[in-house]
Structures are given as structure tokens and as C-alpha cells.
Amino acid sequence: MKKITIAIDGFSSTGKSTLAKQLAKELEYVYVDTGAMYRAVAYFAMQHNMIGSDFFDKKALIDALPNIQLEFRFNAEMGFAEMYLNGENVEKPIRTIEVSSFVSKVAEVSEVRSKLVEQQKEMGTNKAIVMDGRDIGTVVFPNAELKIFMTASAETRAQRRFDELQQKGDNVSYEDVLKNVIERDHIDTHREDSPLVIADDAIEIDNSYLNKEEQFAAVLELVNDVVKTI
């Protein structure tokens, strides 16, 4: 079977990572969670007091970029690659609601995007990759053979995110999660550098009423259709 590049974009909490992991496992492709990369940079900024509820020292973060080393390391027990920041496993702390509240602001910074996009492009040199994020089909891999854009109502996404955080033991309210989802949507779609948009040749999937199995089956069929035509 010929190897292709699969770009999955969409709004926060639409299950992009879950779908991408399923596809990568089924196809034996490399999976890259670009959201984890931006979350790790946001976490770094939080650790070094560069960002807070009422401030953001963008210059300090830009100056520190050469000191930020990101790496994915495969965890055989978990079955997927985890995010490492300067040699430290940060997979758990980068998934908190606190990091979620800052990640879109950090992702607005052009210098941050430039650094991470360069790394992402390099990862996809040999194809056979599934990458999810906000600008994969428009900026990172504009020539990807298959582009998926995932969406769902803000309320549906907030409920999913709330349930996920509750299962992890995080003490959050649904109202706070919904507010975070709406704020991230606004920032992601209105930033000057690489805003979240649907690529002209992307296939849009609204999964508000789809379960994971139905969604996976539909997208896998799309993959097989694309592979047959190249």
C-alpha cells in the first residue's frame, strides 16, 4: 500500500488526537500530536512566569525559544508517543485546564509557530504520517493527500472535555470548560498567523452525533479511497 500524509485539523476537543492515534495504529504510520507541542511551550511559559491570567511577556518567551527542546518518545506500555520538554515527561501536566487556558495565546506568537512548524514539516518528510492540529492541512502539509477538518458544537465539545478532566480527577466546572472552549475557538480562528480555517480540499466531519467507532470507520474508508487513486 502506498504511503500518504494525513492532515487532521479542527476545533479543540473534537477528538482529533483520538482519531489520529487510531489511524496511525491501523496503518502503522507515525502519529504527531502538534497540540501537545504548543501545550508544552505554554507549560514552559507558565513555569517561568512568562504568562498568567493578566499578563503575557511574549518577548521573554521568544527569547527563550532556543532553550525549549521538544521531543516525542514512544511509550510501549501506553501505545503512543508522549511529550517531553527539555528531557522531562510533561504528558500529564500539559493536559490541565490551566494549560488549556493559555495555549491558544501562546500559539498566536509567530515565532513560536515558526519554530514548531519547521519541526513538524521535517517529521513528515517520508510521508506515512498522521498529524493533527490547527494548521496542518493549510500550512504544515498543504499538499497532504488527505485532509480532514473536524468540528462539533461548542457544548458537545465542552461536555467531552469536562468528562475527560473529571475522570482524571481535576476539579473543574462545566461552565469553566465551556468558556475555555469558546475563548480558544475565537483566538484560534482570529489570530493573524495561520488562523484555524478549513482547507479548500479538506473533508469536513461534524462528529457531534458520531461515536469513535463510527468516525474511525468513515475516515478509514476515505484513506482507502485516496490510496486507490494515487
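Tyr 174 is partly exposed, with a relative accessible area of 23%. Partly exposed lies between buried (under 20% relative accessible area) and exposed (over 50%), using a 1.4 Å probe and protein chains only. Phe 162, at 16% relative accessibility, counts as buried.

This is a predicted model: local features need pLDDT of at least 70, side-chain atom pairs count only at pLDDT 80 or more, and totals for chains, interfaces and linings use all residues. Residues are numbered from 1 along each chain as its sequence is written, and side-chain values use heavy atoms, leaving out hydrogens and water.

Now the rings. The structure holds 2 aromatic pairs. Rings of Phe, Tyr and Trp (its six-membered ring) pair if their centres lie within 6.5 Å; planes under 30 degrees apart are stacked, over 60 edge-to-face, the rest tilted. Phe 11 and Phe 149 have ring centres 5.8 Å apart and planes at 85°, so they sit edge-to-face. This pair links distant parts of the chain, 138 residues apart. Phe 11 and Phe 149 are both buried. Phe 162 and Tyr 174 have ring centres 6.3 Å apart and planes at 90°, so this pair is edge-to-face. Phe 162 is in helix α7 and Tyr 174 in helix α8. Helices (H or I, at least four residues) and strands (E, at least two) are DSSP runs, numbered from the N terminus.

Next, a sheet. Its 3 strands form an open sheet in the order β5-β6-β7, with antiparallel pairing. Two strands pair if DSSP finds at least two bridges between them. The edge strands, β5 and β7, each pair on one side only. Strand β6 is joined to β7 by 2 bridges.
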